[in-house]
Amino acid sequence: MAVLPQLRDRRENTISDARRFFFELGQTPEAGLAPPVLRSWQRCRTGGLDHLDAYLIDPAGRAQLSDARDRSARLLEHAGGIMEHVFEQIRASGSMVILADTRGMILHCLGDPDFVGRAQRVALQPGASWDEAVRGTNAIGTAIQEGAAVEIHGAEHYLERNGFLTCSAAPVFNAQGHVAGVLDISGDSRNNQRHTLGLVRLSVQLLEKRLFEAEFAKEVRIAFHPRPEYVGSLQEAMLAVDADGRIVGANPVAREWLALPAGLADAPTFGSLFRTGFGQLLDRAVNAPDDLLLLEMRRGEAVYVQVRGHRRPRAEVSAPRLQQSVADPARPAGKPCDRSKSLITLDCLATGDARLQLALDRARRVQGKDIPLLIQGESGVGKELFARAFHNSGARNDGPFVALNCAAIPENLIESELFGYVGGAFTGARREGAVGKLQQAHGGTLFLDEIGDMPLGMQARLLRVLQERSVTPIGSMKSIPVDISLVCATHRVLRDAVKQGLFREDLYYRVNSLTVTLPPLRERTDIRHIVTNLLEMEAADRRSGPIGISEEVMGFFERYPWPGNVRQLQNVIRVAVALLDDDEHEIASVHLPEELFGIDGGDEVAEPLQRPVALAAQAAASPFAAALPAASAAIVPQAAAASTPRSLDEIELEAITTVMREVGGNVSAAARRLGVSRNTLYRKLGKLN
Ligand SMILES: Nc1ncnc2c1ncn2[C@@H]1O[C@H](COP(=O)(O)OP(=O)(O)OP(=O)(O)O)[C@@H](O)[C@H]1O
């Protein structure tokens with residue numbers, strides 16, 4: 001919005017009065033000048049600068065400019081995209097966006113062609129120095145001198161020839177508290193825009209955040225704020241902490257808040273600022289990686305903290321190389337993977353199944369493009385893990401990953417969970433209110449699991465949020481902007497739900513820009529890889545050395561139909577590992593839970609194990625052979641195949657009596673060895689009797 005003409009005239013009159021006082025009478029004007037401008041005029045006069053000076057210093061030559069750009073390479077790299085974005089906002093307003101280095105030399109600018117010509121007449125162009133000592137009061141040089149954002153309008157410029165400009169600039173601070181450069185928007189003073197300084201400030205905060213994250217990508221970063229909704233925003237305070245708990249970097253918010261001096265010489269330790277030890281915080285963060293932790297500062301306030309960039313020490317993540325009885329399947333080439341949920345990436349999920357690979361490739365293509373992803377698949381196939389990996393592999397990986405299972409919470413709570421509420425919004429509401437998942441996910445990813453089960457009324461509200469990109473908590477009149485990447489999952493066919501009137505068509509198109517379908521475990525060709533990975537993770541938790549698996553069990557796993565998909569497999573492995581004695585390091589048939597063979601379950605689960613039972617039992621009394629399709633009875637010993645043809649009933653009788661004898665008449669043990677449920681075995685025994 002342009003400044004009202006009357007206001008502008010009034011401002012210009014007071015400044016011209018101030019100029020007369022200062023330049024003609026040599027006095028200090030008592031009013032009409034902002035303190036930074038007055039301080040700057042005084043510095044210029046002390047430095048012997050003539051306000052009528054018309055001599056233009058030539059911009060630096062190409063080599064000098066290139067050296068300066070090299071010195072500020074990181075700044076330029078991160079500022080480029082931000083400057084383009086800012087330029088889009090001010091396009092056609094007769095202005096330009098400028099980036100200058102610590103000495104005020106212009107490194108890069110983007111401008112409207114009509115204004116660029118005029119700007120060049122006063123050397124507002126790459127290579128020119130806008131150091132206050134040579135150009136007098138100007139936004140770039142004065143922001144450096146003042147160490148703060150400034151706006152220098154028209155006649156506030158010290159040199160008269162610059163009076164046609166209006167400029168807003170803010171210094172960019174690095175993590176050590178030193179100025180790393182300046183971002184400026186300059187334009188014709190007649191087109192002064194009221195919000196320009198705000199735009200510059202915000203853009204600088206974004207630039208500082210990117211510089212900080214790039215500099216400390218390998219360090220643990222602690223983001224904090226007294227209000228949880230500000231963690232993840234540009235207003236959050238951020239510290240980088242080394243392995244010894246020393247603060248090695250702080251963003252300007254943290255510096256101001258903690259009154260940290262510039263430089264690193266007297267940097268405090270984490271423990272001197274917070275009541276919780278750094279190691280203790282990391283332990284809590286590993287167990288609750290996406291949560292905001294409430295910490296008390298030594299000086300008394302409580303703040304919400306999010307730990308970023310913390311990885312579980314390697315030794316805890318993956319066990320030493322497994323000496324498995326099954327040859328460890330070759331892993332796809334690439335970096336070793338950290339498979340903890342908080343760090344898993346799409347690359348880590350690629351374990352060789354072609355259909356999964358297709359889903360991974362498709363998801364990678366939309367990464368960073370603000371396209372909602374819909375993940376379909378049966379329960380337990382790994383939809384949530386996929387969503388986390390999608391988040392962790394993208395540019396938002398430092399932001400929060402917030403999950404909400406729409407089927408798991410009562411219908412009347414979904415609204416407050418999603419949108420949050422202000423204190424006293426309804427009976428039973430917490431006095432201090434609550435931040436909804438949508439707001440919590442700001443700057444990161446919101447994962448809506450079982451979106452197909454979301455009530456219709458809620459669908460309409462969610463649609464509005466996605467369209468308007470803002471959320472209004474229950475009981476509030478204020479809408480809060482939210483920037484989220486949306487990932488949804490469902491085991492339903494959403495299109496059918498739309499046809500049945502259970503899912504809004506407009507929301508369907510919103511959430512369904514790209515759909516990926518994860519294959520059920522029984523159809524995957526990489527079960528060996530998954531088993532190996534799960535075993536590694538269990539071994540790491542058990543901390544008692546590597547765990548192997550017999551070929552027999554692995555073969556069974558590859559053939560079992562896994563109605564509960566990876567979740568079921570994971571549980572089976574967990575139970576098997578728990579059943580291992582301390583000196584045992586290999587999972588064998590005895591470690592598998594009975595339910596797997598339908599012993600205590602219904603015939604539904606047991607059924608796939610029953611088909612070749614007689615052959616398998618006779619051959620090896622192995623429950624795993626039972627899971628083999630008849631055509632692949634590779635583990636059935638030759639003797640069985642070569643024996644004289646007999647009726648199936650005869651073979652079955654012989655198998656059952658042999659096994660019953662071997663287990664001393666224990667029906668449960670016999671059923672387990674035969675690979676049938678206890679009920680089935682009783683039935684068969686009844687028939688035999
Ligand atoms: N490739 C994998 N490797 C290791 N563990 C996996 C893999 N895929 C899934 N899991 C594990 O299986 C379990 C189920 O996965 P997840 O919760 O992601 O499935 P889901 O499809 O979202 O299930 P639901 O539909 O029931 O919510 C989780 O504990 C997850 O960590």
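How do the residues of the shell around the ligand divide into nonpolar, polar and charged? There are seven nonpolar, seven polar and four charged residues in that shell, where Ala, Val, Leu, Ile, Met, Phe, Trp, Tyr, Cys and Pro count as nonpolar, Asp, Glu, Lys and Arg as charged, and the others, Gly among them, as polar.

Before I go on, a word about the model. What we have here is a predicted model, in which local features need pLDDT of at least 70 and side-chain atom pairs count only at pLDDT 80 or more, while totals for chains, interfaces and linings use all residues. Residues are numbered from 1 along each chain as its sequence is written.

Let me stay with the ligand. Of the 18 residues around it, those that come nearest are Ser379, Gly382, Lys383, Glu384 and Val566, and a residue is near a molecule if its C-beta atom, placed from the backbone, lies within 6 Å of it. Three helices, α15 (383-393), α21 (527-542) and α23 (565-579), each supply at least two residues of this shell; helices here are DSSP runs of H or I with at least four residues, strands are runs of E with at least two, and both are numbered from the N terminus.

I would like to look at α23 in some detail. Its 15 residues, at 1.5 Å a residue, should span 21 Å, and because the end C-alpha atoms are 22 Å apart, the two values agree; the expected span is 1.5 Å times one less than the number of residues. Which residues of α23 are buried? They are Asn565, Val572, Ile573, Ala576 and Val577, where buried means that 20 or more other C-beta atoms lie within 10 Å of the residue's own, exposed means 12 or fewer, and partly exposed lies in between, with C-beta atoms placed from the backbone. Seen down the axis of α23, the buried residues fall within an arc of 130 degrees, so they line one face of the helix; the arc is that of the directions from the helix axis to the C-beta atoms.

In the loop between α22 (551-559) and α23 we find Trp562, which has a positive phi of about 45 degrees although it is not a glycine. Trp562 is buried, because 23 other C-beta atoms lie within 10 Å. As background, most residues other than glycine have a negative phi.

Now to a sheet. Five strands form an open sheet in the order β8-β7-β6-β10-β9, with antiparallel pairing, and two strands pair if DSSP finds at least two bridges between them. At the edges stand β8 (247-250) and β9 (293-296), each with a single partner strand, so one side of each is left without a neighbour in the sheet.

The hairpin of β9 and β10 has five residues between the strands, and in it Gly300 takes a positive phi near 120 degrees.

Finally, Asp291 lies in the loop between α11 (278-287) and β9, and it counts as partly exposed because it has 14 C-beta neighbours inside 10 Å. From C-alpha to C-alpha, Asp291 and Gln306 are 6.9 Å apart in space, and in sequence they are 15 residues apart.
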